[in-house]
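Hi there,

Here is the structure I promised to pass on to you. Have a look at it first, and then read on for my notes.

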Amino acid sequence: MSDTYSKHYSEDGFRQKLVRHAKTAGRQVVEKALWLHYAARSPATPRWAKAAIYAALGYFILPLDAIPDVTPLLGFSDDLSIMATALAATALYITDDVKLQARKTLTKWFGDAPDNTA
């Protein structure tokens, strides 16, 4: 899978997809995509992990999807499952710094996270 989708990844394509679809995809999908994005940019992430990340993000931005992103409720489920696989494989490189960078971007786009302590 790595070679098939990683060649479709680009920083511009990633940003454009997130900006266009952030509200539709939802905070959870965007958060996971940003974790992968910032982990791939980290010099501490090894090449094999970056290849897995770029493959997942390449699938995310690819216009042809197994389940079209405009499909209500299911549109981003395939993207999230691909990202979950990449996250599991590269979990050691999803550091607190990576999560902080993603959180800052999420706050900028979505506002503060809802308080889950009711």
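Where is the place of T45? T45 sits in the loop between α3 (27–41) and α4 (47–61). Please keep in mind as you read that this is a predicted model.

Is T45 buried or exposed? Its relative accessibility is 5%, so T45 counts as buried, the cut-off for buried being under 20%. A polar atom of the T45 side chain lies 2.6 Å from the backbone oxygen of A39. Leaving aside residues up to four places away in sequence, T45 touches A39, K50, I53 and Y93.

Y93 turns up again when you look at the aromatic rings. How many aromatic pairs does a search of the whole structure find? The search finds one. The partners are W48 and Y93, with ring centres 6.1 Å apart and planes at 75°, so the pair is edge-to-face. This pair links distant parts of the chain: W48 belongs to helix α4, while Y93 is in the loop between α5 (77–89) and α6 (96–110), and the two are 45 residues apart. As for W48, its relative accessible area is 49%, so W48 is partly exposed; exposed would need over 50%.

One more tryptophan is worth a visit: W35. Which residues lie over the face of W35? K32 does, at 4.5 Å from the ring centre, and K99 also lies over the face of W35, at 4.9 Å from the ring centre.

Enjoy exploring, and write back with any questions!

Best wishes

Conventions. Residues numbered from 1 in each chain as written. Predicted model: local features only at pLDDT ≥ 70, side-chain atom pairs only at ≥ 80, totals over all residues. Heavy atoms only, no water. Helix = DSSP H or I, 4+ residues; strand = E, 2+ residues; numbered from the N terminus. Buried < 20%, exposed > 50% of the residue type's maximum accessible area, 1.4 Å probe, protein only. Polar contact = N/O pair within 3.5 Å; in protein donor to acceptor, adjacent residues only side chain to side chain. Contact = heavy atoms within 4.5 Å. Phe/Tyr/Trp six-rings, centres within 6.5 Å; stacked < 30°, edge-to-face > 60°. Lys NZ or Arg CZ within 6 Å of the ring centre and 35° of its normal.
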